[in-house]
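Come along as I look things up, one entry at a time.

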Number of protein chains: 2
Amino acid sequence: MKTKKISAEQELEAKGRAAKEASRKMAYISTEIKNKALHNIADDLISKQDEILKANKKDYDAARKSGMNSAMLDRLMLNVARLEGMSKDVLAVAALADPVGEVFEMRTMPNGLQIGKKRVPIGVIGAIYESRPNVTIDISVLCLKSGNAVFLRGGSETIHSNTALVKLIRNAVKRAGLPEDAVQFVDNTDRSLVGHILKMKTIDMIVPRGGAQLISFVAENASMPVLTGGIGVCHTYVDKTADINKAVAIVFNAKVQRPTVCNALDTIILHKDIAKEFLPLMAAELAKAKVELHCDQKSLKLVKESGIKAIPAVASDWGKEYLSLVAAVKTVDSLDEALAHIERYGSGHSEAIVTEDYTSGQRFLNEVDAAAVYVNASTRYTDGGQFGLGAEVGISTQKMHARGPMGLKELTSYKWIIYGNGQVRP
Amino acid sequence: MKTKKISAEQELEAKGRAAKEASRKMAYISTEIKNKALHNIADDLISKQDEILKANKKDYDAARKSGMNSAMLDRLMLNVARLEGMSKDVLAVAALADPVGEVFEMRTMPNGLQIGKKRVPIGVIGAIYESRPNVTIDISVLCLKSGNAVFLRGGSETIHSNTALVKLIRNAVKRAGLPEDAVQFVDNTDRSLVGHILKMKTIDMIVPRGGAQLISFVAENASMPVLTGGIGVCHTYVDKTADINKAVAIVFNAKVQRPTVCNALDTIILHKDIAKEFLPLMAAELAKAKVELHCDQKSLKLVKESGIKAIPAVASDWGKEYLSLVAAVKTVDSLDEALAHIERYGSGHSEAIVTEDYTSGQRFLNEVDAAAVYVNASTRYTDGGQFGLGAEVGISTQKMHARGPMGLKELTSYKWIIYGNGQVRP
């Protein structure tokens, strides 16, 4: 048993070294060739669909047998339409501008030195993720386009799908003239190996994608930088000067349009002066979508008076990420109280104010410390596509390196390049 | 003993919380007030010099008594001229543009949303450093100007100097109307507390400044992001087409101008075709400055033939950071061999090529993976001041967040700000 474990770890190390070596070649490969690889992947997702779907069916059947719930099963499942969607997404990334090689902030110093920055890939990006097999394609394609190698560790529940998809990617990459070792996949599903991966010196950065537990495990145990995020406790504050119609529409959209994602609303904060007018309208609207309201004392009274059901909020409702059709409701006496609540309970993801007051809007934008801060719009917009990045590898709630949606550029670094003419420092 | 330890850690936590709270106020304080604080500090470094020098003398006398070597003693010592220099440096930072509040990449999306990024401070910057008391002023001033709070832990050998300087800074800051708690200082010199600091949740980022041992201890043990760097194993490659005069001047400058710093030259790599002409000139020049050469076989022969002393290089010479008047010399058959040597032994800090060949220069710039890559200039230029940043908190050899000299901008993050008009996501 001991020797088997050692060899599994040695295998990981060998894959890490292969990825590292491939990443050196990837760093200065032309956009043309990288795009060719992406087009090959897009084509193969259509032409090799039988193979992928067959592998996916194995995962699906095993998962159903093991009693996986229907929401999870749905995430796991691939079909022709989904493969077509994935193929289109790959082509969309191919169409994006290549960030690598951009030279910026270049200037000539008084001594004649030309000093600037040149955008370069990071190296080897590790990805630790769960369930959805499309993440295998998404992350690989974003890493390849940005000139990085990728080291993938997906969930054991999708091992057959991922194995087939990685085989497809590596073949497509090789045909385009890229090193196939730029895509490494851990086919050993032994969970204890994750701890080893998180200490590997050949991986330059780790992106965890999955539930809160996975993300915090990776953040706490990785020795390389981690781009964490995805935990969104999102508030929408309805100011006393809010336009009631905008407020109802924004709150409804933020809560209902897709409740299972990180940028969905969790807590509605409302100014006491607008509560009487706003709450009955909002509660009626949310009731149509079967949203369950957990209300503080003041708001509970008003909601009940309007004939809508609601339950009293408890302490654990504040700061809770519901990921479902539940919202907490909190009444405040002032903008300051709203800001203090958000500071205490927010997760630094997406926060919104609905107001017609200039100063309240500006103060909210300035004082809320989150990746995305909105005036008069739904927090559901926090997304790489919606923000114009084209695609995203995740949403960072950190402040270092990248914050908010992370696209191709966020998978790069830079180096300083200096053109001299014999200059020496006096 | 147990209770005493607990209370020291509780004290650290209290300082961390105070810094965190102050950082929230610092985030939206005007540039005017921040500059006022910096001017106060600059003034006080002159007007309160007696107090500072008295405290510094205590450290100096104790260090001399304990047998500290003269180079270290010199680093530790303050005098009127040095305080005047520090005061001028503070004014230089005050004169720099404030990065905080800059709005960039702002655009209007097709749906009318205005989406952009706004530069914000990171929060609380931790600094763990050794000997030079001026670091206390440097880092505090850079953090304050960039809207951050700072949590300082200096060396025990400078405890009296640092205590006096921090008292000066906090007083100057307070008079300007900034929260004095934005500057926290650990006056307990118990080394075991450093481990606790590295796990504090109230510190957002750590900058270690000091020797290789300190830096790697911090990098390995910190739970927050660390901006490491400062280890520079720097090569200068003299290509076969190099202009001999430029090559001699650049190598001499990179090695001799200030050998004790991270961007100084460690290894000279030279193409075999230029060795015969270049080496005797270079060796004679370096001999004038008493540089000791550790040569590979080929270069040793040539140097000795020219009547200059040199010793044979051993395996440990490659990849060694000398920080003194020693240089290794390595002969190669090709640019590829030089690139491979740098990839294997470089620390990703500063690397240079001397060449008149267009393609060799371009290949070197593209293929060398380092924070700063030079054509025909001395690696000694890798410095915040020389690169036009005005001042630096250190030189990063990481690829995440910041690479190379880190100035005010590198002490900031950004948030996405979104101005809407009632938009909801379809």
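Predicted model: local features only at pLDDT ≥ 70, side-chain atom pairs only at ≥ 80, totals over all residues.

**Entry: where the chains meet.** I began with the contact between the two chains and found 49 residues of chain B touching 49 residues of chain A. Here two residues are in contact if their C-beta atoms, placed from the backbone, lie within 7 Å. I noted that α10 (244-256), α14 (358-367), β13 (372-377) and β16 (412-423) of chain B each give two or more residues to the side that touches chain A. Helices (H or I, at least four residues) and strands (E, at least two) are DSSP runs, numbered from the N terminus. Which element gives the largest share of that side of chain B? I found β16(B), with 11 residues. By type, that side of chain B has 26 nonpolar, 14 polar and nine charged residues. Ala, Val, Leu, Ile, Met, Phe, Trp, Tyr, Cys and Pro count as nonpolar, Asp, Glu, Lys and Arg as charged, and the others, Gly among them, as polar.

**Entry: ground rules.** Residues are numbered from 1 along each chain as its sequence is written, and chains are lettered from A and ligands numbered from 1 in the order in which they are written.

Entry: Next I traced an open sheet of 10 strands, in the order β1(A)-β2(A)-β16(A)-β13(B)-β12(B)-β7(B)-β8(B)-β11(B)-β9(B)-β10(B), with mixed pairing. Two strands pair if DSSP finds at least two bridges between them. At the edges I found β1 (103-108) of chain A and β10 (311-312) of chain B, each pairing on one side only. Where the chains join, β16 of chain A (residues 412-423) runs parallel to β13(B) over five bridges. There I saw A:Gln423 bridged to B:Ala377. I then followed β9 (residues 292-295) of chain B, which pairs with β10(B) in the parallel sense over two bridges. In that pair, B:Cys295 stands opposite B:Pro312. I also saw α14(B) packed on the sheet, touching β16 of chain A along with β12 and β13 of chain B, at about 160° to the direction of β13(B). Axes are lines fitted to C-alpha atoms, for helices over the stretch in contact, and angles run from 0 to 180 degrees between N-to-C directions.

**Entry: a sheet within chain B.** I found an open sheet of four strands, ordered β5-β4-β3-β6 in chain B, with parallel pairing. Why is one side of β5 (183-185) and of β6 (205-209) left without a neighbour in the sheet? Both stand at the edges with a single partner strand each, so one side of each has no neighbour there. The twist averages 20° from one strand to the next. Five bridges join β3 (residues 124-129) of chain B to β6(B), and I noted B:Ala127 opposite B:Val207. On this sheet α7(B) touches β4 (149-153) and β5 of chain B.

**Entry: two helices.** Last, I looked at α3 (residues 49-65) and α7 (residues 159-175) of chain B, which pack at about 160° with axes 6 Å apart. The two are therefore roughly antiparallel (angles over 145 degrees). Their contact includes B:Ile52 and B:Ala55 of α3(B) and B:Leu165 and B:Leu168 of α7(B). I counted its residues as six nonpolar, four polar and three charged.

Technical notes:
Parallel < 35°, antiparallel > 145°, perpendicular 65-115°, else oblique.
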